[in-house]
Protein chains: 2
Amino acid sequence: MTETRIRFGILGCANIARKVSRSILLSPNTTISAIGSRSLDKATAFASENHFPESAKVYGSYDAVLDDPDVDAVYVPLPTSLHVRWAVVAAQKKKHVLLEKPVALNVGELDTILKACESSGVQFMDATMWMHHPRTAKMREVISDDNKFGQLKSVHSTFSYVGEGDFLKNDIRVNPNLDSLGALGDTGWYSIRAILWAYDYELPKTVTALRYPEYNESGVILSCGASLNWEKEGKVATFYCSFLTNLCMDIVALGTKGNLRVHDFVIPFNEKVGPFYAVANSRWAELSTGCVPEPSDFKIATSYPQEALMVQEFARLVEGIRSGVGKPKTKWPILSRKTQVIIDSVLASIKNGFQPVEVVY
Amino acid sequence: MTETRIRFGILGCANIARKVSRSILLSPNTTISAIGSRSLDKATAFASENHFPESAKVYGSYDAVLDDPDVDAVYVPLPTSLHVRWAVVAAQKKKHVLLEKPVALNVGELDTILKACESSGVQFMDATMWMHHPRTAKMREVISDDNKFGQLKSVHSTFSYVGEGDFLKNDIRVNPNLDSLGALGDTGWYSIRAILWAYDYELPKTVTALRYPEYNESGVILSCGASLNWEKEGKVATFYCSFLTNLCMDIVALGTKGNLRVHDFVIPFNEKVGPFYAVANSRWAELSTGCVPEPSDFKIATSYPQEALMVQEFARLVEGIRSGVGKPKTKWPILSRKTQVIIDSVLASIKNGFQPVEVVY
């Protein structure tokens with residue numbers, strides 16, 4: 001029997017790689033064949049602690065993973081500043097690339113990565129897990145319903161969590177040399193993606209950052225927000241992202257006939273079921289002493305965690321390319337690029353005194 | 001036995017006056033002694049349909065109500081453009097004033113009203129009903145809790161409902177001669193008050209309107225939004241108000257240790273109980289495959305509808321003044337004025353090309 005599983009190599013031992021490794025090992029069409037770290041000891045410990053198969057190879061460098069012919073694809077959870085270097089090398093070595101978000105420090109770097117992937121004919125996908133939860137597809141159905149949702153006019157999204165302990169000083173995500181986008185790149189990435197998702201990826205015309213972000217001592221953003229403006233039909237969106245306020249993962253989308261709310265869109269409270277709330281054609285009760293109907297609960301069960309569904313979708317695309325029946329799916333790099341373009345626009349607006357910045361794709 | 005109930009006169013037969021009349025008749029310390037309309041027939045029908053006591057007098061003018069010595073206080077649900085005229089006359093005639101929102105077309109008009117009330121020593125209160133629901137006091141407890149909420153950093157509030165039928169063309173609320181503030185004055189009033197309430201009425205430093213509002217053919221706002229910026233400690237707020245999107249009445253408040261959500265803050269879905277949701281000290285589950293705890297439901301029962309509690313509080317203040325033990329409570333006119341100042345600032349920002357406008361109280 002031929003091994004048809006897509007064989008992953010993991011670059012580095014980031015904390016998030018534990019969760020993704022688990023999902024690769026959980027999934028029927030994927031396995032882990034290698035991990036590399038600058039420290040062989042760390043890689044060895046990581047492989048053992050995360051129940052890698054005995055066949056998995058452990059390397060003391062990233063290059064060794066990329067040179068391994070038993071690696072079909074790489075998962076890259078390195079600090080953002082290293083993405084352009086290692087994703088490009090991976091693509092050049094014909095490895096398909098599953099890249100952690102934020103995908104790059106700016107759209108120029110991302111374009112370098114995407115060009116390398118395109119030249120090599122490898123699949124690119126960012127690791128935005130919630131996109132792959134079946135709840136997300138169900139929410140799409142709800143907001144696409146002409147009769148029960150109508151035209152989308154307003155979205156607000158929040159993703160925040162509290163950076164505990166010395167996080168705000170020493171975590172990779174707030175280190176200006178590693179992840180200089182800070183909370184905007186980490187939590188803002190999700191809120192921006194949520195807004196674009198809700199508007200079915202139609203880019204806004206302008207982005208205006210909110211006055212004033214908070215920064216740590218190194219000048220990295222700890223909290224910020226922005227408004228996105230389509231400048232037609234009243235279509236707007238706002239978001240707030242932060243490392244300074246308690247966990248909140250909200251999307252509120254308002255349509256002309258209905259609305260939709262979700263309170264754990266990034267990572268469901270419960271791994272097995274993703275809830276959301278929707279209501280349509282609301283009206284006041286007699287004398288406006290109340291209103292009906294109350295929002296309905298939707299509870300979308302999932303047989304796999306959302307990150308496993310992500311890995312499986314990525315592997316399906318890779319398998320299609322490997323077997324010659326498919327080409328790299330352009331949807332995923334386009335969504336990454338649109339998200340990065342908005343991040344760049346928010347930063348440009350902040351630098352420009354919080355003036356509106358025209359969105360250029 | 002002396003009649004100690006506060007005797008209301010109602011100016012006009014607006015739809016909202018039905019709900020408030022019911023609450024005046026429900027409340028133990030209030031009654032209705034008169035109603036006036038430009039049409040005596042309308043006033044007569046209104047009194048009958050709304051179960052006024054037989055003793056209630058029915059007048060064919062507002063002046064007659066204000067001249068009636070059996071009227072202690074007036075409830076004024078007239079179109080906003082008429083507020084300054086009739087609230088001032090009412091105050092001059094020593095009637096306490098319960099005024100529908102938006103209280104005035106601008107803060108200058110409101111100041112004229114407040115000056116008249118102050119000169120006459122009468123109580124002023126705007127008819128923002130949700131302020132008086134016991135849920136609001138309980139939510140205040142939650143967001144004031146240093147250990148479970150911490151410092152407030154971000155608020156988003158939405159109030160929208162769909163103007164049905166010919167509402168968007170012909171309703172008083174979108175008539176430039178009657179309620180020229182449109183959705184900003186009607187639904188925006190509540191969202192702005194919600195934000196100020198959450199920040200314990202500390203005014204923001206600047207207000208920046210979102211690009212671009214929608215207008216009806218007469219140039220009245222049908223949807224708009226803004227960001228409010230305290231310009232310190234990262235404190236921000238955003239709101240969206242609209243007559244064009246399905247009913248939504250949300251507050252989401254984010255603190256450094258907890259957060260709070262309410263989805264029917266303006267008018268509870270159910271008249272007898274007001275729910276909200278709060279969570280504190282959230283943390284990721286192992287491997288970040290979920291998060292705990294889930295938000296808790298709070299369900300705050302109320303023995304009276306919120307508008308009856310409003311009327312009762314107003315009447316208690318009036319009784320205190322009438323009996324010589326109290327003076328007009330300045331809290332209520334101050335809250336009205338702060339809310340109106342923000343409305344004026346949003347309009348100024350819109351007129352000023354969506355630039356930030358400094359908030360001047």
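**Two chains, their contact and their folds**

Good morning. I begin with a loop: in chain A, A:Pro293 is placed between β16 (291–292) and β17. What is the form of the peptide bond from A:Val292 to A:Pro293? The bond is cis, with omega near -15°. Please bear in mind that this is a predicted model.

A cis peptide bond joins B:Arg211 and B:Tyr212, with omega about -20°. B:Tyr212 sits in the loop of chain B between β8 (206–209) and β9 (214–215).

Two further residues of chain A deserve attention for their backbone angles. A:His51 is not a glycine, yet its phi is positive, near 60°. The loop that holds A:His51 runs between α2 (40–49) and β3 (57–59) of chain A. Is A:His51 buried or exposed? A residue is exposed if 12 or fewer other C-beta atoms lie within 10 Å of its own; A:His51 has 11 such neighbours and therefore counts as exposed. A:Tyr201, again not a glycine, has a positive phi of about 70°. A:Tyr201 belongs to the loop between α8 and β8 (206–209) of chain A, and because it has 14 C-beta neighbours inside 10 Å, it counts as partly exposed.

Next, the domains. Chain A is divided into domain 1, residues 6–129, and domain 2, residues 132–306 together with 340–358. Their centres, taken over C-alpha atoms, are separated by 28 Å. Domain 1 of chain A gives 15 residues to the contact between them, and domain 2 of chain A gives 17. On the side of domain 1 that touches domain 2 in chain A, α1 and α5 (107–120) each supply at least two residues. That side of domain 1 has nine nonpolar, five polar and one charged residues.

How are the two chains related? Chain A is superposed on chain B by a rotation of 180° with 0.0 Å of shift along the axis, and the RMSD is 0.0 Å. This is the relation of a two-fold axis. The same surface serves both copies, as 100% of the contact residues of chain A recur in chain B.

How many residues does each chain bring to the contact? Chain A contributes 55 residues and chain B contributes 55 residues. Among the elements of chain A that each supply at least two residues to the side touching chain B are α1 (15–26), β7 (152–160), β10 (221–229) and β14 (273–280). By class, that side of chain A has 20 nonpolar, 24 polar and eleven charged residues.

The largest nonpolar core has 245 residues. The residues with the most contacts inside that core are A:Ile35, A:Val74, A:Val97, B:Ile35, B:Val74 and B:Val97. Leaving aside residues up to four places away in sequence, the residues that B:Ile35 touches include B:Gly9, B:Ile10, B:Phe46, B:Phe52 and B:Tyr59. Thank you for your attention.

Key. Residues numbered from 1 in each chain as written. Chains lettered and ligands numbered in written order. Predicted model: local features only at pLDDT ≥ 70, side-chain atom pairs only at ≥ 80, totals over all residues. Least-squares fit on C-alpha atoms with pLDDT ≥ 70 in both. Contact = placed C-beta atoms within 7 Å. Helix = DSSP H or I, 4+ residues; strand = E, 2+ residues; numbered from the N terminus. Nonpolar A, V, L, I, M, F, W, Y, C, P; charged D, E, K, R; others polar. Domains from an automatic or database assignment. Core = buried A, V, L, I, M, F, W, Y, C linked by C-beta atoms within 7 Å. Buried ≥ 20, exposed ≤ 12 C-beta atoms within 10 Å, placed from the backbone.
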